[in-house]
Amino acid sequence: MEDRVRRMKRIQTVQEQMHRLAEQRLSGLVSAEKELRRHEEQLVTSLDEATLLHGLFVEQMARRVRTVAVEAAATAAQAVVQREKLLEEKLKLKRVEDATKRIEREYQRILERKRLEEVVRPVSRVGDASLP
């Protein structure tokens, strides 16, 4: 039973690590999306500014804006998928935590029962002795 508790704790540790990893991935995707959106806004702002030099590069800048917008949309889609994975990892972690607690409680009950038997056994032997 002690081995079972140890195994469940190891599984719980792994699930916690997987959950943290999923959180980090989501955080990275959200940051990347924000950065791409910010870059897109800067490009659009520079397209809006009417200067002589920008007129030469309008087509290239418009292509770049479209490319950045597509990258931002793809990153947003990845973030949605990662949120779903994070939710799955959270549910797995919760199930493992519950199972670990249940097994630990069961193990504690077994230990308490053994301790009680150790206390009761000598007392019950005294009653077996014959009285003078």
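Mentor: One term before we start: a residue is exposed when its relative accessible area is over 50%, buried when it is under 20%, and partly exposed in between. Keep in mind too that this is a predicted model.

Trainee: Okay. Is Leu116 buried or exposed?
Mentor: Leu116 has a relative accessible area of 53%, so it is exposed.

Trainee: Which helix is Leu116 in?
Mentor: Leu116 is found in helix α2. That helix covers residues 58–128.

Trainee: New topic. Where is Thr75 found?
Mentor: Thr75 is in helix α2 as well.

Trainee: And is Thr75 buried or exposed?
Mentor: Its relative accessibility is 10%, so Thr75 counts as buried.

Trainee: Which residues is Thr75 in contact with, leaving aside its neighbours within four places in sequence?
Mentor: Leu29, Ala32, Glu33 and Leu36. Those numbers fall within helix α1, which runs over residues 2–48.

Trainee: What does the side chain of Thr75 reach?
Mentor: The backbone oxygen of Glu71, at 2.8 Å.

Trainee: What about Gln78? Where is that?
Mentor: Gln78 is found in helix α2. With a relative accessible area of 45%, Gln78 is partly exposed.

Trainee: How far apart are the C-alpha atoms of Gln78 and Leu29?
Mentor: They are separated by 7.3 Å. Along the chain, Gln78 and Leu29 are 49 residues apart. Leu29 is also one of the contacts of Thr75.

Trainee: Switching to charges. How many salt bridges are there in the whole structure?
Mentor: A search finds 8.

Trainee: Let's take Arg37. Which residue forms a salt bridge with Arg37?
Mentor: Glu40 does. The closest N and O atoms are 3.4 Å apart.

Trainee: How are Arg37 and Glu40 placed in helix α1?
Mentor: They are 3 residues apart, so about one helical turn separates them.

Trainee: And how accessible are Arg37 and Glu40?
Mentor: Arg37 is at 31% relative accessibility, so it counts as partly exposed. Glu40 is at 18%, so it counts as buried.

Trainee: Which residue does Lys92 meet in a salt bridge?
Mentor: Glu89. The distance from N to O is 3.9 Å. Lys92 and Glu89 are 3 residues apart in helix α2, so about one helical turn lies between them.

Trainee: Is Glu89 buried or exposed?
Mentor: Glu89 is buried, because its relative accessible area is 11%. Lys92 is at 34% relative accessibility and counts as partly exposed.

Trainee: Which residue does Asp98 pair with in a salt bridge?
Mentor: Lys94, at 3.6 Å from N to O. Asp98 and Lys94 are 4 residues apart in helix α2, so they too are separated by about one helical turn.

Trainee: How accessible are Asp98 and Lys94?
Mentor: Asp98 counts as partly exposed at 37% relative accessibility. Lys94 counts as partly exposed at 42%.

Trainee: Last one. Which residues are linked in a network of salt bridges?
Mentor: Glu2, Asp3 and Arg6.

Methods. Residues are numbered from 1 along each chain as its sequence is written. This is a predicted model: local features need pLDDT of at least 70, side-chain atom pairs count only at pLDDT 80 or more; totals for chains, interfaces and linings use all residues. Side-chain values use heavy atoms; hydrogens and water are left out. Helices (H or I, at least four residues) and strands (E, at least two) are DSSP runs, numbered from the N terminus. Buried means under 20% relative accessible area, exposed over 50%, partly exposed in between (1.4 Å probe, protein chains only). A polar contact is a pair of N or O atoms within 3.5 Å; within protein, one must be able to donate a hydrogen and the other to accept it, and residues adjacent in sequence count only if both atoms are side-chain atoms. Contact means heavy atoms within 4.5 Å. A salt bridge is a side-chain nitrogen of Lys or Arg within 4 Å of a carboxyl oxygen of Asp or Glu.
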